[in-house]
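User: Can you walk me through this one? I want the sheet and the helix packing.
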Amino acid sequence: KKLSGVREVKFTSFCGDSRKPVLELVHESAPSFTLRLLPCLASSTFPSAKLGPARGNLRSLLQTKEETAADPGAPLPASPLYNNSILEDCCFSEDLRLLHAHLSPRPHLRQALVLLKVWASQRGLLSPSCLSGFLLSVLAVHLSAAGRLQDPGMSPSAHLKTLLGALANLPSYKDSSLFSSVLRLPEEPGSANLSMKDLRKAFPVLVVVGSNPMVNLAARMTASSLAEVASDAAATLHYMKVEGPNAVEGTFIQSYPPPVKFDIVMQLTLDKIMDESESDA
């Protein structure tokens, strides 16, 4: 069925996960904007206690029928990524509600978040294995709830510098309590035994939780991505300090493709190399 005024309809995936389809709509009245529709589940669909990071819910493909028959009660290996992915689908609505409730009365923080997302986009940091706009918003809410962004007189620029400072120190936060759950809902029966230590053991790179204290919103982030975010944030803070008001273009307008982040870049033309090797032979 054709939708009135819709210019383009296509399917993509959430964070590159083909098991999480996303419907994207582009309307004729605003062709530069894309509406993304994400299917989600109710928060009560699955008991969180059965999907903790230490629980095993995937039977190993290498486990034979003979092994299963020999020890039918043997526990399955832990499947933290699979479990986290299922619970993530149950948290979309509640996470969004909590973000709106926290950010709506803070216009300066919202403006700073827009600038931060532009900054991340220009540096290629918005990717499935790194940051997302949603994760940046959750980090901002955690910092605000921790008292780092509570001053109502702070300008968007001051908020932005505080957010960049937090990103620059992300590697040191992974072992602290800064990102322990400040958004959590009343705990479900059986979930009280789960501690931040359990999540950090399953996800050693970074743990950031939202409405459900058993879901790591940064589960896809890799160690190299974490180091890249911290390095870019620290470099931007230094650049803003040196350039002052003249730092706007270099911070938000100029894009930084991956090659500019390396000291030496080599480009090889494979067809030419193969032709020369064949002639030598």
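Analyst: We'll take the sheet, then an aromatic pair, then the helix contacts. Keep in mind that the model is predicted.

User: How many strands form the sheet, and in what order?
Analyst: 3 strands form it, in the order β1-β2-β3. The sheet is open, and the pairing is antiparallel.

User: Which strands stand at the edges?
Analyst: β1 and β3, where β3 covers 35-37. Each has a single partner strand, so one side of each is left without a neighbour in the sheet.

User: What does the twist average from one strand to the next?
Analyst: The average is 25°.

User: How many bridges join β1 to β2?
Analyst: 8 bridges. Strand β1 spans residues 6-14 and strand β2 spans residues 17-27.

User: Which helix lies across β1 and β2?
Analyst: Helix α2, residues 80-89. α2 runs at about 35° to β2.

User: Switching topic. How many aromatic pairs does a search of the whole structure find?
Analyst: The search finds 1 aromatic pair. The rings belong to Phe14 and Phe92. Their centres are 5.3 Å apart and their planes are at 75°, so the pair is edge-to-face.

User: Why 'edge-to-face'?
Analyst: Planes over 60 degrees apart count as edge-to-face, and the planes of Phe14 and Phe92 are at 75°.

User: What parts does that pair tie together?
Analyst: Phe14 lies in strand β1, while Phe92 lies in helix α3, residues 92-103. The pair therefore ties together parts that are 78 residues apart in sequence.

User: Staying with α3, how does it cross α5?
Analyst: The axes come within 10 Å and cross at roughly 50°. Helix α5 is residues 133-145. The two helices are therefore oblique to each other. α3 passes α5 in a left-handed crossing.

User: Which residues make that contact?
Analyst: From α3, Asp95, Leu99, His102 and Leu103. From α5, Phe134, Ser137, Val138, Val141, Ser144 and Ala145. By class, the α3 contact with α5 has 6 nonpolar, 3 polar and 1 charged.

User: Next, α4 and α6. How close do the axes come?
Analyst: They come within 8 Å and cross at roughly 50°. α4 covers residues 107-122. That angle makes α4 oblique to α6.

User: Is the crossing of α4 and α6 left-handed or right-handed?
Analyst: Right-handed.

User: Who's in the contact?
Analyst: The α4 side has His108, Leu109, Gln111, Ala112, Leu113, Leu115, Leu116 and Trp119. The α6 side has Pro156, His159, Leu160, Leu163, Leu164 and Leu167. The contact of α4 with α6 counts 11 nonpolar, 3 polar and no charged residues.

User: Now α6 and α9. How do their axes cross?
Analyst: At roughly 140°, with the axes coming within 7 Å. Helix α6 is residues 156-168 and helix α9 is residues 223-243.

User: Why is that called oblique?
Analyst: Angles over 145 count as roughly antiparallel. At roughly 140°, α6 and α9 are therefore oblique to each other. α6 passes α9 in a left-handed crossing.

User: Which α6 residues meet α9?
Analyst: Leu160, Lys161, Leu164, Gly165, Leu167 and Ala168. In α9 they meet Val229, Ala230, Ala233, Ala234, Thr236, Leu237 and Met240.

Notes
Residues numbered from 1 in each chain as written. Predicted model: local features only at pLDDT ≥ 70, side-chain atom pairs only at ≥ 80, totals over all residues. Heavy atoms only, no water. Pairing = 2+ DSSP bridges. Helix = DSSP H or I, 4+ residues; strand = E, 2+ residues; numbered from the N terminus. Axes fitted to C-alpha atoms, helices over the stretch in contact; angles between N-to-C directions. Parallel < 35°, antiparallel > 145°, perpendicular 65-115°, else oblique. Left-handed = near helix turned anticlockwise from the far one by under 90°. Contact = heavy atoms within 4.5 Å. Phe/Tyr/Trp six-rings, centres within 6.5 Å; stacked < 30°, edge-to-face > 60°. Nonpolar A, V, L, I, M, F, W, Y, C, P; charged D, E, K, R; others polar.
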